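Reader: I would like to learn how to read a protein model. Please take one feature after another.

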Amino acid sequence: MKAIPNANDSRAWATIDLGALLANFAKARAYKPEAAIVAVVKANAYGHGAIAVAQTLRGQLRDDDCFGVASIDEALELRQAGISTPILLLEGVFNAVHLRQAVENNFALVVHSPFQLALLEAFFEARSLSTPLTIWLKIDTGMHRLGLSASEFKQAWQALNWHVHVHKLVVMSHFACADDKKSDMTERQLAQLNKILEEAGVAADKREISFAASSAIQQWPESHFQWLRPGIMLYGGTAVAGENAIERDIAPVMTLRARLIAIKTVAAGESIGYGASYVCESEQRIGVISIGYGDGYPRRMPAGTPVLIKCSAKKGAEPQRAPLCGRVSMDMTIVDLSDCPDARVGDEVILWGEGLPADEIAQRCNTIAYELFCQVTRRIHYIYV
């Protein structure tokens, strides 16, 4: 990812609207203003640039808030960029070297397995810490990905609660189906969490719980507890099945853009693109856009997927939709300009973002906005506005 001063320097670029990011963060906070927040910036802030995002959001974080990342490397990148805000390692650590680095940088740790608990206990026995750690104990309530079982959680709670090297214990879990309001899985997971806490003897007034990521923040207020973990909703994508972010008043942060680099007329009966899979039913004016799967625009995007053409010949006019035709190539994508007679070589094209929600585009190729954002490649230049 490389930032450039203006769009004229690139064949394909992404504008990152930091004002929209701040607005989305405020909307997440408004769901439960008294709750603390883990602003999730893992996976390079879902492809938006972790350092720039963290620098933008850190002024909005309160003393109890933190950033959430997946790995020690992601956390160290933020520290090296001068981000002193508390950071939570959402997958914890997996060896003594990484644990030492986490302690030295005062990262909060998730413990989700007996192996990690044993690693932590051995570390505590070997040395005395000047600053106690914040530990998050992750319980498996039914997703069966990461998390302690009921018996493992009870052991971990008893080992770490009131430990001299532990500043605070937070209990966390993760929903499997919070995006689907019709599923009863979320209610079953909430019940399982409460059962495990009761069996472990964790008093109700001693519980500090984090369960709600973006989908649960938006749909399941009973899951908000003391911590919220907004992720995709910060970046302008929906976390609710069958919805578009616009319906939740979530603003797009990334707008992926390229240019028309060629326009030609193809006769009826002629094919377009690799595999000759698209055949013109009538004479057709087509345009070639300077972006492809080498830039992160998915090859599996089907014909008919819309882009927005900003016709320079019609200043002030609304961008016009144009559908894809033929397969996406590594460096180029072809669109039907039949309904865009004013399109010219050099015109800007929006692939998703402003006026064209990433959720809509993701649905076209049977994926989610998360993947679209994360797979944008290093060839795309970023402009932060």
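Reader: How much space lies in the largest pocket?

Author: This is a predicted model. The largest pocket holds about 910 Å³ of space.

Reader: Which residues lie nearest the centre of the largest pocket?

Author: They are Lys42, Tyr46, His174, Ala213 and Tyr370, out of 41 residues that line the pocket. By element, α2 (42-47), β9, α9 (214-219), α10 (358-364) and α11 (369-374) each give two or more residues to this lining.

Reader: What does the secondary structure of the whole protein come to?

Author: There are 11 helices and 19 strands. The C-alpha atoms fill a box of roughly 75 × 45 × 35 Å along the principal axes. Of the contacts between residues at least 6 apart in sequence, 68% join residues at least 24 apart.

Reader: What describes a pair of aromatic rings?

Author: Two values do: the distance of the centres and the angle of the planes. In this structure, a search of the whole model finds seven aromatic pairs. One of them joins phenylalanine 175 and phenylalanine 211, with 3.7 Å from centre to centre and 5 degrees between the planes, and it is stacked. Phenylalanine 175 is in the loop between β8 (166-172) and α8 (185-199), while phenylalanine 211 is in strand β9 (residues 209-213), so the pair links distant parts of the chain, 36 residues apart. Both phenylalanine 175 and phenylalanine 211 are buried.

Reader: Why is the pair of tyrosine 297 and tryptophan 352 called stacked?

Author: Planes under 30 degrees apart count as stacked. The planes of tyrosine 297 and tryptophan 352 are at 20 degrees, with the ring centres 6.3 Å apart, so this pair is stacked. Because tyrosine 297 lies in the loop between β14 (284-289) and β15 (306-310) and tryptophan 352 in strand β18 (residues 348-352), the pair ties together parts 55 residues apart in sequence.

Reader: Which residues do ring pairs link into a cluster?

Author: Tyr46, Tyr235 and Tyr370. Tyr46 and Tyr370 were also named above among the residues nearest the centre of the largest pocket.

Reader: Where does the charged end of arginine 127 sit?

Author: Over the ring of phenylalanine 123, 4.0 Å from its centre. Elsewhere, lysine 181 lies over the face of tryptophan 220, at 3.7 Å from the ring centre.

Reader: Where do nonpolar side chains tend to be in soluble globular proteins?

Author: They tend to be buried together. Here the largest nonpolar core has 122 residues, and Ile135, Leu137, Phe153, Val307, Ile309 and Trp352 touch the most other members. A second, separate core of seven residues includes Val266, Cys280, Ile286 and Ile334.

Reader: Which residues of helix α4 are buried?

Author: In α4 (residues 72-80) they are Ile72, Glu74, Ala75, Leu76, Leu78 and Arg79. Among the elements that cover them are α2, α3 (50-57), β4 (66-69), β5 (87-89) and α5 (96-104).

Technical notes:
Residues numbered from 1 in each chain as written. Predicted model: local features only at pLDDT ≥ 70, side-chain atom pairs only at ≥ 80, totals over all residues. Heavy atoms only, no water. Phe/Tyr/Trp six-rings, centres within 6.5 Å; stacked < 30°, edge-to-face > 60°. Helix = DSSP H or I, 4+ residues; strand = E, 2+ residues; numbered from the N terminus. Buried < 20%, exposed > 50% of the residue type's maximum accessible area, 1.4 Å probe, protein only. Lys NZ or Arg CZ within 6 Å of the ring centre and 35° of its normal. Core = buried A, V, L, I, M, F, W, Y, C linked by side-chain atoms within 4.5 Å. 1 Å grid on protein atoms, 1.4 Å probe; cavity = no way out; pocket = protein on both sides within 12 Å on 5 of 7 lines; lining within 4 Å. Points joined across faces, edges and corners; volume = space filled by probe spheres on them. Contact = heavy atoms within 4.5 Å.
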